[in-house]
Amino acid sequence: MPRIFVYEYLTALGIGRDPGDPMHSMYREGKAMRDALAADLRALPTFEVATTADDGVFDWYRQIEWIAAFDLVLAVAPEANGVLLSHVEALPSTLPARGLMALPEAIRLTTDKLALAEHWDEHAVPTPDTWLLRRECMTGPFPQVWKPRDGCGSTATTIVSSEPDAQRALAELAAEDYHGELVAQPFVPGRAASVAFLVGPDQTVPLLPTFQAISGDGRFRYEGGLLPIRPDLAERAVKLARKAIDCVPGLLGYVGVDLILGDAADGSQDFAIEINPRLTTSYVGLRELADFNIAEAMLILADGGTIAPTWKTGTVRFYPDGRVERLSDGEEFFE
């Protein structure tokens, strides 16, 4: 019986386990993703599934030989500080897990927000102007969005409304102990959305697009999502998201694309924002409406097969901690 190992970085090391820890929200997201994925894999009778406990003592690098003994491995880890990249690079190149996770070159590109923006510009993918922020010389246009060059989970991300406001933003980030490189982008209005894809060697399949709930305090904290979205918006989202990933070689497995959908009905004000080359929290909401096992579909695609996903009716609201609610027809939780 094939053996699959499901690993999630924050829970494996206990990072953010304490509710008072600033990383606790990301810890909850990691746990929700790990548990949902493991549950779907365990529903398949032909696989044996192992995962880490919540005791915070599992070291990926020291256990790499034990990990490599599995037939398949799927690691969920943040892109920041090269964490996801170093985990994937540590795996032996012969391990079949390469079909379930993005290749190092794809992780390296998508993790670097400045490099990805330049790459998208070269391939005519609509994305906001992006530049490396110089703390000693901060100029308009305003408002701007500042974010870490290699961050994830909206860590150290903030809106800056003017040159005087920049000092407030710098002080906030310093208080949060962030001193790394920042990129800046002009703020673009619209509705935050995402599209997840299952990517295999012979087929790339979009899952249902979702709206994202983002905090209204200017810090862009992720608060979950809603799906499905209106058909015309879904069509625009999939079209742009597919263009955003088609030009990035080496993406495999579950890939998420974050977007802004503007007011123009023709999509001319839509922008690609970033790519997450790994499982994202949208998985917990998507599996609620999937009339198929998403984890099984990932395995089929990784093995060179093809799928034709079908979906249940209904509207779902999901939260970063893994909670899922069914909503009444037409009900939304934000405008």
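Predicted model: local features only at pLDDT ≥ 70, side-chain atom pairs only at ≥ 80, totals over all residues.
## Ground rules

Residues are numbered from 1 along each chain as its sequence is written. Local features need pLDDT of at least 70 and side-chain atom pairs count only at pLDDT 80 or more, while totals for chains, interfaces and linings use all residues; side-chain values use heavy atoms, leaving out hydrogens and water.

## Aromatic pairs around Y7

There are 10 aromatic pairs in the structure (rings of Phe, Tyr and Trp, the last by its six-membered ring, with centres within 6.5 Å; planes under 30 degrees apart are stacked, over 60 edge-to-face, the rest tilted). One of them joins Y7 and F58, a tilted pair at 6.0 Å centre to centre with 50 degrees between the planes. It links distant parts of the chain: Y7 sits in strand β1 (residues 3-8), and F58 is 51 residues away in the loop between β2 (48-51) and α3 (64-68). Helices (H or I, at least four residues) and strands (E, at least two) are DSSP runs, numbered from the N terminus.

Y7 also makes a tilted pair with W60, at 4.6 Å and 55 degrees. W60 lies in the loop between β2 and α3, so this pair ties together parts 53 residues apart in sequence. Y7, F58 and W60 all belong to one aromatic cluster with F5, W66 and F70.

## Buried or exposed?

Y7 counts as buried because its relative accessible area is 1%, and F58 is buried at 14% (buried is under 20%, exposed over 50%, partly exposed in between; 1.4 Å probe, protein chains only). E122, in helix α6 (residues 113-122), is exposed at 65%.
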